[in-house]
Amino acid sequence: MEKVQKRLISSYVMAFVSVLFGWLHVMFAVLVVGGGFFNLFLLLPVLRTLDPQTAGQISLNVAKKFTILVWVSIAGLLATGLVRVALDSSFERAFGFDNPYGVTMNIKVILFIAIIVHAFLITRTGRKIPTASSPEERALLQQRIFRFSLINTILAFVVIFLAVGLRYGGSVF
Ligand code: HEM
């Protein structure tokens, strides 16, 4: 009887830990993808209506804080994603090319790597803005950041589509 009770408690704990990590994983995605969308489609159009000096100051301060959120979320998504695989499935199934779940997961991971590469390019380009030699160079760098951010937002939307597909066994194609 005691053994049955212990097994029951441990299965409740495991279920709770799974939900907790699932929640953390989704929260990182919500915060970083929502934040990126906000910057591109709400903040940026408003900044374009302000005088360039004020707009530049605001965007620099926002970018500094948002960069921290991006890198914390990338680390968080990777860590919680791997924990979810370990808790809910086997690594062979989750990353195998011989089943729909594994194929979808591998495409998701490849897109995630592309997001990391673009996040790195955004961070590197952003560091050059304060020392830009002319307003034209600054505008060029900002345009580059806009393009990389747009690419990352689109990639993240596709990743979320694939993530929802995983819930249904990965049969999304
Ligand atoms: C190496 C990186 C990643 C791994 C290993 C990973 C792993 C996972 C796993 C195992 C699930 C649960 C799937 C299921 O229900 O069977 C999941 C769900 C999810 N992932 Fe990821 N993930 C990663 C990156 C990302 C990224 C970059 C995003 C967003 C930009 C993301 C967004 C989501 C969302 C929103 C869900 C919930 C989908 C749902 O329950 O309907 N993941 N992920």
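## Overview

Of the 173 residues in the chain, 15% are buried. The model described here is predicted. Its secondary structure consists of five helices and zero strands, and the order along the sequence is α-α-α-α-α. The radius of gyration is 20 Å, well over the 16 Å that the globule rule gives for 173 residues, so the chain is more spread out than a compact globule.

Along the principal axes, the C-alpha atoms fill a box of roughly 75 × 35 × 25 Å. Among contacts in the chain with a separation of 6 or more, 71% join residues 24 or more positions apart.

## Helix 2

Helix 2 covers residues 52-88. Its 37 residues should span 54 Å at 1.5 Å a residue, and the end C-alpha atoms are 50 Å apart, which agrees. The buried residues of helix 2 are Ser59, Phe66, Val70, Ser73, Leu77, Thr80 and Gly81. Helix 1 and helix 4 are among the elements that cover them.

Ala86 also belongs to helix 2. Ala86 counts as exposed because it has 12 C-beta neighbours inside 10 Å, and the cut-off for exposed is 12 or fewer. From Ala86 to Thr131 there are 45 residues in sequence and 45 Å in space, C-alpha to C-alpha.

Gly96 sits in the loop between helix 3 and helix 4. With 14 C-beta neighbours inside 10 Å, Gly96 counts as partly exposed. Gly96 and Ile113 are 17 residues apart along the chain, and their C-alpha atoms are separated by 18 Å.

Helix 4 runs over residues 100-128. Thr104, Met105, Ile115, Ala119, Ile122 and Gly126 are the buried residues of helix 4. Their cover includes helix 2, helix 3 (91-94) and helix 5.

## Helix 5 and the residues after it

Helix 5 takes in residues 135-167. Its 33 residues should span 48 Å at 1.5 Å a residue, and its end C-alpha atoms are 48 Å apart, which agrees. In helix 5 the buried residues are Ile145, Phe148, Ser149, Asn152, Val159, Leu162 and Leu166. These buried residues pack against helix 1 and helix 4.

Phe157 is placed in helix 5 as well. Phe157 is exposed, as 11 other C-beta atoms lie within 10 Å. Just after helix 5, Gly169 has a positive phi of about 85°.

In soluble globular proteins, nonpolar side chains tend to be buried together. The largest nonpolar core in this model has 10 residues: Phe28, Val32, Phe66, Val70, Leu77, Ile115, Ala119, Ile122, Ile145 and Phe148. Helix 1, helix 2, helix 4 and helix 5 each give two or more residues to this core. Apart from neighbours within four places in sequence, Val70 is in contact with Val32 and Ala119.

A second, separate core has five residues, including Ala94, Met105, Val159 and Leu162. Of these, Met105 is one of the buried residues of helix 4, while Val159 and Leu162 are among the buried residues of helix 5.

## Surroundings of the ligand

The shell around the ligand has 20 residues, of which Ala29, Gly81, Arg84, Ala163 and Leu166 come nearest. Among these, Gly81 is a buried residue of helix 2, and Leu166 is a buried residue of helix 5.

Helix 1 (2-47), helix 2, helix 4 and helix 5 each supply at least two residues of the shell. The largest share, seven residues, comes from helix 5. By class, the shell has 15 nonpolar, two polar and three charged residues.

Notes:
Residues are numbered from 1 along each chain as its sequence is written. This is a predicted model: local features need pLDDT of at least 70, side-chain atom pairs count only at pLDDT 80 or more; totals for chains, interfaces and linings use all residues. A residue is near a molecule or strand if its C-beta atom, placed from the backbone, lies within 6 Å of it. Helices (H or I, at least four residues) and strands (E, at least two) are DSSP runs, numbered from the N terminus. Ala, Val, Leu, Ile, Met, Phe, Trp, Tyr, Cys and Pro count as nonpolar, Asp, Glu, Lys and Arg as charged, and the others, Gly among them, as polar. A nonpolar core is a set of buried Ala, Val, Leu, Ile, Met, Phe, Trp, Tyr and Cys residues joined through C-beta atoms within 7 Å. A residue is buried if 20 or more other C-beta atoms lie within 10 Å of its own, exposed if 12 or fewer, and partly exposed in between; C-beta atoms are placed from the backbone. Two residues are in contact if their C-beta atoms, placed from the backbone, lie within 7 Å. The expected span of a helix is 1.5 Å times one less than its number of residues. The radius of gyration is taken over C-alpha atoms; the globule rule is 2.2 Å times the number of residues to the power 0.38.
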